[in-house]
Amino acid sequence: MDVGRLSRELKDSLRTFGPAWLVMMADVDVASIVTGFQVGAAWGYIMVSVMLALTVPLFVIQDAAGTLGTVSGMGLGTAIKRLYGRRTAQLASIPMAVADIMEYVAEYAGIAVGLKLLGLPVLPGLLAVFAIHVAVAWSGRYRHAESFLLPISFLLVAALLYTALVTRPDPGRIGNALLSPWPLWRPGFDYMLAASVGSVIMPWMLFFHSGADVRKGLRPEELRPERLETLVGAIVSELLMVATVFVGIFLGNRAGAALDANALASALEPLGLASRYIMGVGFMASGFLALVVISLGSAWGFLEAVDFKRGTLAYRLTYVLESAPALVIVALSLSDLVNLILDLMAAFTIILAPLLYMLGRIASREDIMGSARLRGARAVAYWVMSALVVASGLIAIAASL
């Protein structure tokens, strides 16, 4: 065993560690958790195989985003602007802005569920969260928010894992589900499949991962540990999503296939009286953490594309103008928050189409990526996985007609 080599590889891994792991963990946000609960409650163990299968497109697509940032030194928004010009960047900024607003809606909806679980007034609570989010974006103190919220979010994840274990999932039914074909072209399943895909692969992730690698200062020679971190993060992320499916099955046995905010209160029932409060605080912390990460990722991608300079009034106002409509939409949908989240997750699969195309085109350019460009098996995997992501949303629409 070459101890020196192992020591060098460990040092490289520690230096590159951060962006890929954070994007994967932030992916298991409140909207994704609620989606995991609902698909588990509605379709049971078959959704375990869906979540495990989604590890592949999650890794392949995020690997392309991370490789772009590490090798080219450009985030996705910057790359679009520099390589295809201002006009194309402005056109690309439209789906970026739409995706931002949709993502903010999903997180505010999750925070609203948390407020309901805690028995707090929802509208004043949402206004307070909105004000704090704008203040964090305006001041640029993202790291302070992350350092405070991450431990609370991990507490929620730990509680979900504990609940998933103590509810004792049936190994025999898990095995049967892994070997069973998916019931495609059934509207209910196709819709839940699209929501699952959208909850795992979100637009903000493409911008955050590529941009965070640039800001971390990663170099092309550090690509290997960065890619390993992406792979490990994808596996862990989807195992956590499997845990949400198990909890969803538990909820379905209690409350039936259609969940609402009150039904979610029993998700951590094995933890006793504290379950509602752990869930409520965890949802609020996880949702706000996602708001911060989206601000660092997708909104930065939009700002890079339209060439707003960091620190300017227009730069700061973007966060307000994108976040405010999301707040209004959630305030008007308080009676059906779970279905609002599911609709948004399913819609992400369609919104992703132009962004996946641009990422694939840029990541395939030899003049930008050199030997790390998408080619051969990696290129085939990227385009096939991207097509399947978008196809899941189109199939859901077609099956419902």
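The angle at which two helices pack is the angle, from 0 to 180 degrees, between their N-to-C directions, and it is taken between axes, that is, lines fitted to C-alpha atoms over the stretch in contact. In this predicted model, helices H10 and H17 pack at an angle of about 75°, with their axes 7 Å apart. Angles of 65 to 115 degrees count as roughly perpendicular, so H10 is roughly perpendicular to H17. The protein as a whole has 19 helices and zero strands.

**Overall composition**

- Of the protein's 401 residues, 57% count as buried.
- When contacts between residues at least 6 apart in sequence are considered, 86% of them join residues at least 24 apart.

**The contact of H10 with H17**

- Helix H10 covers residues 187-200, and helix H17 covers residues 337-363.
- On the H10 side, the contact involves Tyr191, Met192, Ala194, Ala195, Val197, Gly198 and Ser199.
- These residues meet Asn339, Leu342, Asp343, Met345, Ala346, Phe348 and Thr349 of H17.
- By class, the contact of H10 with H17 comprises nine nonpolar residues, four polar and one charged.

**The contact of H5 with H12**

- Helix H5 (residues 55-72) packs against helix H12 (residues 223-255) at an angle of about 150°, and their axes are 9 Å apart.
- Angles over 145 degrees count as roughly antiparallel, so H5 is described as roughly antiparallel to H12.
- The crossing of H5 past H12 is right-handed.
- H5 contributes Thr55, Leu58, Phe59, Gln62, Asp63, Gly66, Thr67, Thr70 and Val71 to this contact.
- H12 contributes Leu223, Glu226, Arg227, Thr230, Leu231, Ala234, Ile235, Ser237 and Glu238.
- Seven nonpolar, seven polar and four charged residues make up the contact of H5 with H12.

**Glu238, a buried residue of H12**

- Glu238 is found in helix H12 and counts as buried, because its relative accessibility is 0%.
- Beyond its neighbours within four places in sequence, Glu238 is in contact with Met51, Leu54, Thr55, Leu58 and Val200.
- Glu238 and Thr55 are 183 residues apart in sequence, yet their C-alpha atoms are 6.0 Å apart in space.

**Helix H7 and two of its residues**

- Helix H7 spans residues 122-139.
- H7 has 18 residues and reaches 26 Å from its first C-alpha to its last, close to the 26 Å expected at 1.5 Å a residue.
- The buried residues in H7 are Val122, Gly125, Leu126, Val129, Phe130, His133, Val134, Val136 and Ala137.
- Leu126, in helix H7, counts as buried because its relative accessibility is 1%.
- Apart from neighbours within four places in sequence, Leu126 is in contact with Tyr108, Ile111, Ala112, Leu115, Leu327, Val330 and Leu334.
- Leu126 lies 11 residues from Leu115 in sequence, and the two are 8.4 Å apart from C-alpha to C-alpha.
- Val134 also lies in H7 and is buried, with a relative accessible area of 15%.
- The C-alpha atoms of Val134 and Val292 are separated by 9.7 Å, although these residues are 158 apart along the chain.

**Helix H19 and what covers it**

- Helix H19 (residues 376-400) contains 25 residues and reaches 36 Å from its first C-alpha to its last, close to the 36 Å expected at 1.5 Å a residue.
- In H19, the buried residues are Ala379, Tyr382, Met385, Ser386, Val389, Val390, Ser392, Gly393, Ala396 and Ala399.
- The elements covering the buried residues of H19 include H5, H10 and H17.

**Loop residues with positive phi**

- Most residues other than glycine have a negative phi.
- Arg168 has a phi near 55°, a positive value in a residue other than glycine.
- Arg168 is found in the loop between helix H8 (142-166) and helix H9 (171-179), and Arg168 is exposed, with a relative accessible area of 70%.
- Trp185 has a phi near 65°, which is likewise a positive value in a residue other than glycine.
- Trp185 lies in the loop between H9 and H10, and Trp185 is exposed, with a relative accessible area of 56%.

Terms used. Residues are numbered from 1 along each chain as its sequence is written. This is a predicted model: local features need pLDDT of at least 70, side-chain atom pairs count only at pLDDT 80 or more; totals for chains, interfaces and linings use all residues. Side-chain values use heavy atoms; hydrogens and water are left out. Helices (H or I, at least four residues) and strands (E, at least two) are DSSP runs, numbered from the N terminus. Angles under 35 degrees count as roughly parallel, over 145 as roughly antiparallel, 65 to 115 as roughly perpendicular and the rest as oblique. A crossing is left-handed if the near helix is turned anticlockwise from the far one by less than a right angle, and right-handed if clockwise. Contact means heavy atoms within 4.5 Å. Ala, Val, Leu, Ile, Met, Phe, Trp, Tyr, Cys and Pro count as nonpolar, Asp, Glu, Lys and Arg as charged, and the others, Gly among them, as polar. Buried means under 20% relative accessible area, exposed over 50%, partly exposed in between (1.4 Å probe, protein chains only). The expected span of a helix is 1.5 Å times one less than its number of residues.
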